[in-house]
Amino acid sequence: MHSNTKPFSALAKEKLLGSGISEKIAKYAGMYSVDYAKEELHDEFPARPALVIPYFDFWDNPIQFMRDGQKIDYIAIRILDTDKVKSFTVKKMPKYLHLKGSPPMPYIPRCKNLPVWSETMTDKSPLAFVEGELKALRVSMTGLPTIGISGVDCFSYRPKKSNAK
């Protein structure tokens, strides 16, 4: 799994702080920031600064998916400067992106406050569900196991509208 040992960018720190997540917790969760997602991660991402959010399973192993015969690490990225991209000709940039062809997956936060899920969960254990990876990590920090579900538009396909009537 790709990781980064450099410090979080100023934009990433701002986003984490606004979500109530410390840099230390974000690093433990496997998150890191990149300055240009297109160059540093994958050419299908925009050349924008992003917070990278890797996904793990209940046993704390990185989740991967198959595409074109290759195993690819499952990640989400949070574009960090969407408010700075404004134009009359450019459609609104989504805040969160996943690689094309990646199936919908639940986000299971890695959090020091929680032992490995597979060792502690029972059929009577409380469990919360929230929309979004950062919210899931934030709630998990309280000690309540939480699963994050990506936004409602995250995996949708919308055909282009036709002007023909």
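Biologist: In this predicted model, what percentage of the 165 residues of the protein count as buried?

Modeller: Burial is judged by relative accessible area, and a residue counts as buried when that value is under 20%. Of the 165 residues in this predicted model, 39% count as buried, while the protein as a whole exposes about 10400 Å², of which carbon and sulfur atoms supply 55%.

Biologist: Which pattern do the helices and strands follow along the sequence?

Modeller: There are five helices and eight strands in the protein, and, read along the sequence, they follow the pattern α-α-β-α-β-β-β-β-β-α-β-α-β. Among contacts between residues at least 6 apart in sequence, 59% join residues at least 24 apart.

Biologist: How should I read a nonpolar core, and which residues have the most contacts inside the largest one?

Modeller: In soluble globular proteins, nonpolar side chains tend to be buried together. Here the largest nonpolar core has 34 residues, and those with the most contacts inside it are Leu-16, Ile-21, Met-31, Leu-51 and Ile-77. At least two residues of this core come from each of helix H1 (10–18), helix H2 (23–28), strand S1 (32–34), strand S2 (50–54), strand S5 (75–79) and helix H5 (133–140).

Biologist: Which residues does Met-31 touch, not counting those up to four places away in sequence?

Modeller: With that exclusion, the residues touched by Met-31 include Phe-8, Leu-16, Ala-26, Leu-51, Val-52, Tyr-107, Leu-134 and Leu-137.

Biologist: Is His-98 buried or exposed, and with which side chain does its own side chain make a polar contact?

Modeller: His-98, in strand S6 (residues 96–98), is buried because its relative accessible area is 12%, which falls under the 20% cut-off. The side chain of His-98 makes a polar contact with the side chain of Ser-150 at 3.3 Å, and a polar atom of the His-98 side chain lies 3.5 Å from the backbone oxygen of Ile-75.

Biologist: Turning to the surface, which residues form a nonpolar patch there?

Modeller: Leu-127, Phe-129 and Ile-149 form such a patch, with about 280 Å² of accessible area together. Leu-127 lies in the loop between helix H4 (117–120) and strand S7 (128–131), and it counts as partly exposed because its relative accessible area is 36%, a value between the cut-offs of 20% and 50%.

Biologist: Where does Gly-151 lie, and what separates its C-alpha atom from that of Glu-131?

Modeller: Gly-151 lies in the segment after strand S8 (146–149), and counts as partly exposed at 27% relative accessibility. Although Gly-151 and Glu-131 are 20 residues apart along the chain, their C-alpha atoms are separated by 6.0 Å.

How values were computed:
Residues are numbered from 1 along each chain as its sequence is written. This is a predicted model: local features need pLDDT of at least 70, side-chain atom pairs count only at pLDDT 80 or more; totals for chains, interfaces and linings use all residues. Side-chain values use heavy atoms; hydrogens and water are left out. Patches are made of residues with over 30% relative accessible area and no salt bridge: like charges are joined within 9 Å, nonpolar side chains (Val, Leu, Ile, Met, Phe, Trp, Tyr) within 5 Å. Accessible areas come from the Shrake-Rupley method with a 1.4 Å probe; for residues, only the protein chains shown count as cover. A salt bridge is a side-chain nitrogen of Lys or Arg within 4 Å of a carboxyl oxygen of Asp or Glu. Helices (H or I, at least four residues) and strands (E, at least two) are DSSP runs, numbered from the N terminus. Buried means under 20% relative accessible area, exposed over 50%, partly exposed in between (1.4 Å probe, protein chains only). A nonpolar core is a set of buried Ala, Val, Leu, Ile, Met, Phe, Trp, Tyr and Cys residues joined through side-chain atoms within 4.5 Å. Contact means heavy atoms within 4.5 Å. A polar contact is a pair of N or O atoms within 3.5 Å; within protein, one must be able to donate a hydrogen and the other to accept it, and residues adjacent in sequence count only if both atoms are side-chain atoms.
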